[in-house]
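User: Hi! I'm new to reading protein models, and I'd like to walk through this one with you. Could you show it first?

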Amino acid sequence: MNRGRFKFAANFMGIFIFVSFITRIVLLVMTYDLADTGIGELLKVFSIGIFYDFIAVSYYLIPFILYLIIVPRKIFNSTIHKSITLLIYFAVIYTVVFNSFSEYFFWEEFGKRFNFIAVDYLVYTHEVIHNILESYPIPLLLIIIFFITAILFVVNHKKGDLHTAAFSCDMPFLKRLKIGSIYLVLPLLFFVFLDKQTLTENCSNKFDQELAKDGLYSLFSAFRHNELDYNEFYKTLDNTKVFNRLHTLLKRENRTFKTTDIYNIDSIVKNDGPIHHYNIVLIMVESLSAEYLGAFGDKRGLTPHLDTLAKKSLFFNHLYATGTRTVRGMEAVTLSLPPTPGRSIVKRPDCQNMDSAGFIFQKMGYDTKFIYAGHGYFDNMNYFFSHNGFKVVDRFDFKDDEVTFSNVWGVCDEDLLNKVSKEADNSFGKKKPFFSFVMTTSNHRPYTYPDGKIDIPSHTGRRGGVKYTDYAINKFLEEASKKPWFDDTIFLIVADHNGGSAGKTALPVWRYKIPLFIYAPKIIQPQVISKLASQVDIVPTLLGILGQSYEAKFYGDDILRADHDERAFIGNYQKLGLFKNNILTVLSPNKSVQNYRVKKQTLYSVTYHKEDPSENDIEDAVTYYQSASYLYKHHLLRQ
């Protein structure tokens, strides 16, 4: 295994495991106060980690091993090939060190090893590369990585004596095939018998579990398992029992199911009172966590205008995002559906003609538009919205004179909201009510925006991104108040997701709390609504305010009604949570169910007490998520 030309492979294994070990130490230091740092726990973290590093490097070496087997002795030992091989060897070490730096910045942003987010970002290379270039000192980092690689290469080259050991050995083909086969059979066995990094679950908390993982292994595992089949990975109940229970959970005084077929949740919702066709502007704000708003108790003064707006609006202060990505928020609001495991429905190829808010408002005669600051091909947004009842207006539709500032993610929020106002003028001119679904981008790394607008310089972090968005929304509302359509318009402002997903538990409840404002000074009386609610409830609540009866396959209901079911759906790509009665019930891909009773929740933390889940908690959580996955899989959420 360490003879002749295969000394390259053995040496590289050592370098890979060494760099991974150092990376793990750095990540541990970054989150030392959040991890369990007992001696026994750390031994577990690092021993499991080294094992997965070994698995990862065995995959990494596959093409190189094949090369070492195939290349004839004359070519391999030639002078030119020696230089080429050493150059390639240097480049391969460079990629390992580069990956280590990448993991550092990913951990800084998300508190996790590479996961589905990293996979998604690799697909959208234009946005990601430019985002990185605008956010980090790349030339300096590349130089640092080069010098670290050079040190590793020189030390290893001298100690390993690669010239003598690797290039002076006349190893026949059959011998190469025999040794190479041993290297190749290892990743094959790992692929068959160790599908995921399940050993990490033996660690005590989520940070330790993430530390025990290998970044590259996590990346390719996430790529392989981008979609999860609910029945295969999660706790299930009999479908008949699930759907009978779902009908009970969804039943409301004003909601009746159209058929007696338990697998059909198509319902007629009757809203009493006068029917209105008010215009709707729904602004979904990038990463606007509750923790940034003074209205929730934050003292940094980042949202002075939104804090004032909270006193003039229906302000919902106990609403939760369903996920940690923009597309999850879009999915929840437009489809009124709990998150299904794996990627969001917005990103799936089979996402057209869903029972969406777009089609409902179209049937009511509305001019429906999705207006986005960036390029809507990102995250499949254009396809999803254009095939679910919306006309798309994205970066390509902005004229040059409509753009005063932009970065890789799109135009600044001021330019975006100016475009929203123009589109509203167009609809108003056609004498059509409008429903505009607006998605902002300024509160996103690299947090750049026009200079001189706020007292925090551009490109200095999320605090500035939040405050600039607050400024832009206030400016938009002030200018909109002069428009002829303002008095008949309802403005909804809500976050797509939280500003960060890291936490000591799989689903840190406090991080999922987001604001919802419903503002219409001529229509709605200000009030604080403290009912527990979810993003899936937003459109049903809006339709209730409009007095519009409708037909839909929604999971959400009107928060303002007395019979609103106070519960929230929160999840990530693998964990699915139901938050109800101060208890978080979590479904995991190993078919397990955990219950966490919230003892204390603040703006920045939550204290849990783990307890055995009751049968009722299990059945409710499984019912919601199993049924949603079943309905999507069997195309029962279509128009």
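**Helix pairs**

Analyst: Let's begin with helix α1 (residues 7–30) and helix α5 (residues 79–110): their axes come within 10 Å and cross at roughly 15 degrees. Axes here are lines fitted to C-alpha atoms, for helices over the stretch in contact, with angles from 0 to 180 degrees between N-to-C directions. Helices (H or I, at least four residues) and strands (E, at least two) are DSSP runs, numbered from the N terminus.

Analyst: Before we go on, this is a predicted model, where local features need pLDDT of at least 70, side-chain atom pairs count only at pLDDT 80 or more, and totals for chains, interfaces and linings use all residues. Residues are numbered from 1 along each chain as its sequence is written, and side-chain values use heavy atoms, with hydrogens and water left out.

User: OK, is α1 roughly parallel or antiparallel to α5?

Analyst: The crossing angle makes α1 roughly parallel to α5 (under 35 degrees counts as roughly parallel, over 145 as roughly antiparallel, 65 to 115 as roughly perpendicular and the rest as oblique).

User: Which residues make that contact?

Analyst: Among them are Phe 8, Phe 12 and Phe 16 of α1, and Tyr 89, Tyr 104 and Trp 107 of α5. Contact means heavy atoms within 4.5 Å.

User: And what do they divide into by class?

Analyst: The contact of α1 with α5 has 15 nonpolar, four polar and two charged residues. Ala, Val, Leu, Ile, Met, Phe, Trp, Tyr, Cys and Pro count as nonpolar, Asp, Glu, Lys and Arg as charged, and the others, Gly among them, as polar.

User: Next pair: how do α3 and α10 cross?

Analyst: Helix α3 (residues 62–70) and helix α10 (residues 173–193) have axes that come within 8 Å and cross at roughly 170 degrees, so they are roughly antiparallel to each other. Their contact has 11 nonpolar, two polar and one charged residues.

User: New topic! What order do the strands of the open sheet have?

Analyst: The three strands run β1-β2-β14, with antiparallel pairing (two strands pair if DSSP finds at least two bridges between them). The edge strands, β1 (255–257) and β14 (550–552), each pair on one side only.

User: Where does Ser 267 find its bridge partner in β14?

Analyst: At Ala 552. Strand β2 (residues 267–269) and β14 pair over three bridges.

User: Last one: is Arg 252 buried or exposed?

Analyst: Arg 252 counts as buried because its relative accessibility is 9% (buried means under 20% relative accessible area, exposed over 50%, partly exposed in between, with a 1.4 Å probe and protein chains only). Arg 252 lies in the loop between α14 (239–250) and β1. Leaving out residues up to four places away in sequence, Arg 252 touches Asp 557, Asp 563 and Asp 565.
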